[in-house]
Amino acid sequence: MPQKRHSVDQIIEKLRKADVLLGKGTKVPEVCKQIGVTEQTYYRWRQKYGGMQPEMTKQFKALEKENARLKKLLAEAELDKAAMKEIIEGKW
């Protein structure tokens with residue numbers, strides 16, 4: 001079975017549907033079958049996106065993008081730092 005990639009909007013929609021089904025008394029394994037994900041995926045999504053409102057997705061995406069940019073800058077700075085350290089120690 002090929003893996004699917006869900007957008008944040010789709011994930012939040014599926015979690016809302018799961019909440020409705022759970023409110024009606026359906027058990028978690030049955031809910032997972034109905035929304036088309038494994039229990040592990042359901043719990044992982046619940047932990048990451050649990051209390052998120054649909055309006056918050058844009059902000060979440062912007063924060064993830066900024067985080068990726070900052071990680072890249074940090075990695076580049078660490079490489080520069082290591083290179084300068086080698087030059088100073090005369091290992092080149």
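**Exercises on a predicted helical model**

Lys-72 sits in helix H4, which spans residues 56–89. Keep in mind throughout that this is a predicted model.

**Exercise 1.** Work out whether Lys-72 is buried or exposed, and find how far its C-alpha atom is from that of Asp-19.

*Solution.* Start with the accessibility: Lys-72 has a relative accessible area of 55%. The cut-off for exposed is over 50%, so Lys-72 counts as exposed. Now for the distance: Lys-72 and Asp-19 are 53 residues apart along the chain, and 37 Å separates their C-alpha atoms.

**Exercise 2.** Find the aromatic pairs and classify their geometry.

*Solution.* Two things describe a pair of aromatic rings: the distance of the centres and the angle of the planes. Ring centres have to lie within 6.5 Å, and by that rule you get two aromatic pairs.

Take Tyr-42 and Tyr-43 to begin with. Their ring centres are 5.2 Å apart and the planes meet at 70 degrees, so this pair is edge-to-face.

**Exercise 3.** Decide which residues of H3 are buried, and where they lie around the helix axis.

*Solution.* List the buried ones: Thr-41, Tyr-42, Trp-45 and Tyr-49. These residues span an arc of only 100 degrees around the axis, so they share the same side of H3. The spacing idea is handy here: an α-helix has 3.6 residues a turn, so residues three or four places apart point the same way.

What covers the buried residues of H3? The cover includes helix H1 (8–23), helix H2 (28–35) and H4.

**Exercise 4.** Describe how H2 and H3 pack, and at what angle.

*Solution.* The two axes are 9 Å apart, at an angle of about 90 degrees. H2 and H3 are therefore roughly perpendicular to each other. Next, pick out the residues that touch: from H2 come Val-28, Pro-29, Cys-32 and Ile-35, and from H3 come Glu-39, Tyr-42 and Tyr-43. Sorting this contact by class gives six nonpolar residues, no polar ones and one charged residue.

Conventions
Residues numbered from 1 in each chain as written. Predicted model: local features only at pLDDT ≥ 70, side-chain atom pairs only at ≥ 80, totals over all residues. Heavy atoms only, no water. Helix = DSSP H or I, 4+ residues; strand = E, 2+ residues; numbered from the N terminus. Buried < 20%, exposed > 50% of the residue type's maximum accessible area, 1.4 Å probe, protein only. Phe/Tyr/Trp six-rings, centres within 6.5 Å; stacked < 30°, edge-to-face > 60°. Arc of directions from axis to C-beta. Contact = heavy atoms within 4.5 Å. Axes fitted to C-alpha atoms, helices over the stretch in contact; angles between N-to-C directions. Parallel < 35°, antiparallel > 145°, perpendicular 65-115°, else oblique. Nonpolar A, V, L, I, M, F, W, Y, C, P; charged D, E, K, R; others polar.
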